[in-house]
Amino acid sequence: MEIYLDNSNIDLIKENISWCPITGVTTNPSIIAKENKVNLFEHLLEIKNILSNTKKLHVQVISEDYDSIVKEANKIQAILGNDIYIKIPATKDGIRAINFLSTHGFNITATAIYTTMQGVLSALSGAKYIAIYYNRIENNNGSANEIIYDLAKLPQIINNETKILAASFKNTNQVVSAFANGAQACTVSDEILKSFINNILVEKTIIDFKNDWEKIYGNKNILDF
Ligand code: G3P
């Protein structure tokens with residue numbers, strides 16, 4: 001089971017990896033564009049450095065045609081290293097590029113997946129992850145849970161050659177449903193990551209513990225005994 005942060009803000013990445021057991025960071029052109037025209041590779045190298053060798057970084061290509069996707073993938077890998085995950089939208093040109101790049105040893109994350117068959121083709125093409133756009137599917141009257149459930153039965157997924165990386169979430173329940181239906185990974189915003197633990201019942205429980213303790217022991221803590 002893996003949780004990713006879907007963000008490319010340096011401060012938020014540092015803050016979240018300091019407390020949360022995330023597997024890594026996912027980005028896309030919209031996410032990078034929020035960072036105010038940063039120097040792309042300087043920014044990505046800084047993220048890579050923060051994540052060190054222990055966490056994964058997924059970076060998306062910008063071009064849409066096969067030749068340019070392959071060239072961009074080569075450049076991304078040459079600068080960011082062989083352990084980078086290259087996100088490629090599962091279009092016709094994208095699937096062709098996923099096939100070619102996977103057989104040449106690139107780690108590929110197929111993205112912008114709205115249908116079961118996009119996921120099937122991406123998995124068959126050798127993608128290591130397939131990014132299913134949960135909330136956008138639901139907004140389009142589809143069932144993200146059914147798509148994830150069906151894909152989870154593919155031999156590639158069962159054998160862990162391809163992982164379902166659910167994305168595009170608007171609330172915690174969607175994340176829980178994605179995992180329950182067979183997603184091995186979910187990528188979430190900073191707000192959703194925090195909402196996993198920001199819960200009024202948890203806060204009340206902590207206050208009750210503190211009040212009960214202080215009535216008897218004042219402000220002593222374990223180190224005072
Ligand atoms: O990782 C994909 C994700 O960033 C898309 O999310 O919220 O724009 O639908 P959203």
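Mentor: Start with G142, which is found in the loop between α7 (134–139) and α8. The model is a predicted one.

Trainee: What makes G142 partly exposed?

Mentor: The relative accessible area of G142 is 28%. Buried would need under 20% and exposed over 50%, with partly exposed in between, so G142 is partly exposed.

Trainee: How far is the C-alpha atom of G142 from that of Y114?

Mentor: They are separated by 8.5 Å, although the two residues are 28 places apart along the chain.

Trainee: S168 also sits in a loop, the one between β7 (163–167) and α10 (172–180). Why is S168 called buried?

Mentor: The relative accessible area of S168 is 14%. The limit for buried is under 20%, so S168 counts as buried. Its phi is near 60°, a positive value in a residue other than glycine.

Trainee: Which residues of α6 are buried?

Mentor: In helix α6 (residues 116–124), they are Q118, G119, V120, S122 and A123. They pack against α5, β5 (107–113), β6 (129–133), α8 (144–151) and α9 (155–158).

Trainee: Which residues of α4 and α5 meet?

Mentor: Y66, I69, V70 and A73 in α4 meet D93, G94, R96, A97, F100 and L101 in α5. By class, the residues of this contact are seven nonpolar, one polar and two charged.

Trainee: And what makes α3 and α4 oblique?

Mentor: α3 and α4 pack at an angle of about 50°, with axes 10 Å apart. That value also lies between the limits of 35 and 65 degrees, so α3 and α4 are oblique to each other. This crossing is right-handed.

Trainee: Which residues make the contact of α3 with α4?

Mentor: F41, L44, L45 and K48 in α3 meet K75, I76, I79 and L80 in α4. Six of the residues are nonpolar, none is polar and two are charged.

Trainee: Which residues touch the most other members of the largest nonpolar core?

Mentor: That core has 59 residues, and those with the most contacts to other members are I86, I88, I130, I132, I164 and F169. α4 gives the most to this core, with six residues.

Trainee: What does I130 touch?

Mentor: Leaving out residues up to four places away in sequence, I130 touches A110, I113, G119, S122, A123, L151, I157, T162, K163, I164 and L165.

Trainee: How many residues are in the second, separate core?

Mentor: It has six, including Y4, Y129, L165 and A185.

Note on methods. Residues numbered from 1 in each chain as written. Predicted model: local features only at pLDDT ≥ 70, side-chain atom pairs only at ≥ 80, totals over all residues. Heavy atoms only, no water. Contact = heavy atoms within 4.5 Å. Helix = DSSP H or I, 4+ residues; strand = E, 2+ residues; numbered from the N terminus. Nonpolar A, V, L, I, M, F, W, Y, C, P; charged D, E, K, R; others polar. Buried < 20%, exposed > 50% of the residue type's maximum accessible area, 1.4 Å probe, protein only. Core = buried A, V, L, I, M, F, W, Y, C linked by side-chain atoms within 4.5 Å. Axes fitted to C-alpha atoms, helices over the stretch in contact; angles between N-to-C directions. Parallel < 35°, antiparallel > 145°, perpendicular 65-115°, else oblique. Left-handed = near helix turned anticlockwise from the far one by under 90°.
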